[in-house]
Amino acid sequence: MRSLAVGAILAGLAAHTVGAQPLDTRLPTCLACHGENGTSQLPDIPSLGAQPAFYVTVQLLMFRDKLRVTEPMNEMAKGLTDADLQKAADIISKLPPPQPVADNPDPARMDKARALSRQHRCNFCHQANYAGQENVPRLAGQREDYLLKALRGYKDNSRRGYDAQMSEVVYDLKDEDFVELAYFLARQK
Amino acid sequence: MTYPSLRQSLVLAGTIGALLGAAWPTAAQQPAPAQQPAPLPPGSPLIGRPDTADAKRLAPVPAPPLAAAADKLPVDKLKAPKGFKVEVYASGMPNARSLALGDKGTVFVGSRLQDKVYAIVDKGGKREVKIIASGLYRPNGVAFKNGTLYIMELSQLSKIDNIEDKLDNPPKPTVILDGLPKDEAHGWKYIAIGPDNKLYFEIGQPCNNCLPPEGYATMRRVNLDGTGMETIAQGIRNTVGFDWHPTSKELYFTDNSRDWMSEDLPNDELNRMTKVGQHFGSPFCYQGNLPDQEFGWGRKCEEFTPPIALMGPHTAALGMKFYTGNSFPAKYKNQILVARHGSWNKTNKLGGDVVLVNIKKDGSAGPIEPFLTGFLENNSYVGRPVDVMVMKDGSVLVSDDWNGAVWRVSAGGNARTAAR
């Protein structure tokens, strides 16, 4: 069902060439996938609420200039001015943070991931509460599937970072570590 | 308030430990919160980062993704010696990095966090910025020779022939060398063409402090058609600036030393290569006299070629050029201007300036003095210098990746008087 919904929205993007629309007209389309309050309900699509404005500006710029290639996002960001990027980032950063997964987390998995996070210094740049700062994204409460996809992307170089930080961090992390980290971070408030 | 002595602390800790032990008999059931994170795997690029609150505050300072508006450039904050003038040469080039000068006066500007190479065209003092290449990956390195622009991306070298005749409709760059390592850490490259007509670049150490794999941390050179790659020096952690002495033709280069050893060590380096094959120390010995805490064991600093000048701890000494122009006071002739991008791995930031390194007749270095300052204000950056270039009129351009701008420093008649 969800992938059908994404498909419909993407078809809509192509049909209406969002790339020609002003920012205000585009925003509802953004939130159609990323969630009305910036909390995504769709697999592999990140929640944007409370992301640092700097980070959002950087990512939108990377999509606009095709430094990051993800077709729907390249289309969405096409033709935006620098001022649009900043305005969109300001709006998005003020959306409420996503709520963490509310289940009974497996304490063994949480401990394992917490140790990994400390060992690999995730808690330095992303901060102890994983709220992010400047060009470093918020991870707390992010969708688990998206976190896993992003980490795997950094590892196989399909996800380009603004700078070299994440490629250094994932250098000696294994896929099983990504699984645990994504589980843990999706359950942080 | 007085602090307990070390001995008292140990006793105290022992008591608490005993109490905890009594309350929770089996450690396995109730793991106490780990005091130290697990050590990183051998060779991890993150090794050396201490897990302390003060260290946590330090991370690379991200460059703004957008260029500063022309009316927001901090031109009034920059200071040069008496009699020199500082002005904006051109702006609106996000993440402006390395500089190269065309025969017809075009200034080419590479970028690291953007996909673009820019060209600044001067038409009677009015300057226009054009994007001459885009869709590139980390196009940090630019060089120019005999009409051709060379562009170095993360892992490939390309060129555009007769670029200055095609600035409004440039063809896509033609790749002449590819397959270089794709490591992101210290993977962006500076390039320059030597007096031997070869193009020089470095394969950086792909980590903060590690034993680099074979072929890394080396200076290389290739012919201008991309063939004949040679390794000519090793033990270079990350150089982002080099130039050749105008008379001795020896290669001088900056090198950024490792992070996280301490607030005040090691210094970044200014090096001089006197023969092919020299080893400049990384990761065994930094700044010529400081064995690395991990890789220095069993080695001696005497095994390696020491730097000729220490550029300050963590200051990120990047682009450098011998001053070969004629309009600055005589004392500048054949001395080196070095752009220090400024530190991140230091609580009280250092650098964020262009300094003048005195080079003596024998090629060694003398005192270092400030040249262009003011990029660092109240421990924050208002700009960050990256590369330096001498123009035909003797003025000096300085790129700034924080503002996406290029600055021009020129000397009036009173600069020459003041320097006497």
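A:Tyr130 is found in the loop between α7 (122-125) and α8 of chain A, where helices (H or I, at least four residues) and strands (E, at least two) are DSSP runs numbered from the N terminus. Phi of A:Tyr130 is near 60°, a positive value in a residue other than glycine. The residue A:Tyr130 is buried, with 20 other C-beta atoms within 10 Å; buried stands for 20 or more other C-beta atoms within 10 Å of the residue's own, exposed for 12 or fewer, and partly exposed for values in between, with C-beta atoms placed from the backbone.

The model is predicted: local features need pLDDT of at least 70 and side-chain atom pairs count only at pLDDT 80 or more, while totals for chains, interfaces and linings use all residues. Residues are numbered from 1 along each chain as its sequence is written, and chains are lettered from A and ligands numbered from 1 in the order in which they are written.

**Confidence**
- Chain A has a mean pLDDT of 89, and 89% of its residues reach 70 or more; pLDDT is the predictor's confidence in each residue, from 0 to 100.
- Among the elements of chain A, α10(A) has the highest mean pLDDT (98) and helix α1 (residues 2-16) the lowest (49).

**Backbone exceptions**
- Most residues other than glycine have a negative phi, and most peptide bonds are trans.
- A:Asp44, which is not a glycine, has a positive phi of about 65°.
- A:Asp44 lies in the loop between α2 (23-34) and α3 (53-64) of chain A, and with 14 C-beta neighbours inside 10 Å it counts as partly exposed.
- The peptide bond from B:Leu265 to B:Pro266 is cis, with omega near -10°, and B:Pro266 lies in the loop between β15 (251-255) and β16 (267-273) of chain B.
- A cis peptide bond also runs from B:Ser282 to B:Pro283, with omega near 0°; B:Pro283 lies in the loop between β17 (278-279) and β18 (285-286) of chain B.

**Helix packing in chain A**
- In α10 (residues 175-185) of chain A, the buried residues are A:Phe178, A:Glu180, A:Leu181, A:Ala182, A:Phe184 and A:Leu185.
- These buried residues of α10(A) pack against α6 (107-119) and α8 (144-155) of chain A, contact being C-beta atoms, placed from the backbone, within 7 Å.
- The axes of α6(A) and α10(A) come within 8 Å and cross at roughly 105°; axes are lines fitted to C-alpha atoms, for helices over the stretch in contact, and angles run from 0 to 180 degrees between N-to-C directions.
- α6(A) and α10(A) are therefore roughly perpendicular to each other (under 35 degrees is roughly parallel, over 145 roughly antiparallel, 65 to 115 roughly perpendicular, and the rest oblique).
- Among the residues of α6(A) that meet α10(A) are A:Arg109, A:Met110 and A:Leu116, and the α10(A) side includes A:Asp177, A:Leu181 and A:Phe184.
- By class, the contact of α6(A) with α10(A) has six nonpolar, one polar and five charged residues; Ala, Val, Leu, Ile, Met, Phe, Trp, Tyr, Cys and Pro count as nonpolar, Asp, Glu, Lys and Arg as charged, and the others, Gly among them, as polar.

**Sheet in chain B**
- Four strands of chain B form an open sheet in the order β6-β7-β8-β9, with antiparallel pairing; two strands pair if DSSP finds at least two bridges between them.
- β6 (141-145) and β9 (174-177) of chain B are the edge strands, each pairing on one side only.
- From one strand to the next, the twist averages 30°.
- β6(B) pairs with β7 (residues 148-152) of chain B in the antiparallel sense over five bridges, and B:Phe144 has B:Leu149 in β7(B) as its bridge partner.

**Interface**
- The contact takes 26 residues from chain A and 25 residues from chain B.
- The side of chain B that touches chain A has 15 nonpolar, four polar and six charged residues.

Technical notes
Contact = placed C-beta atoms within 7 Å.
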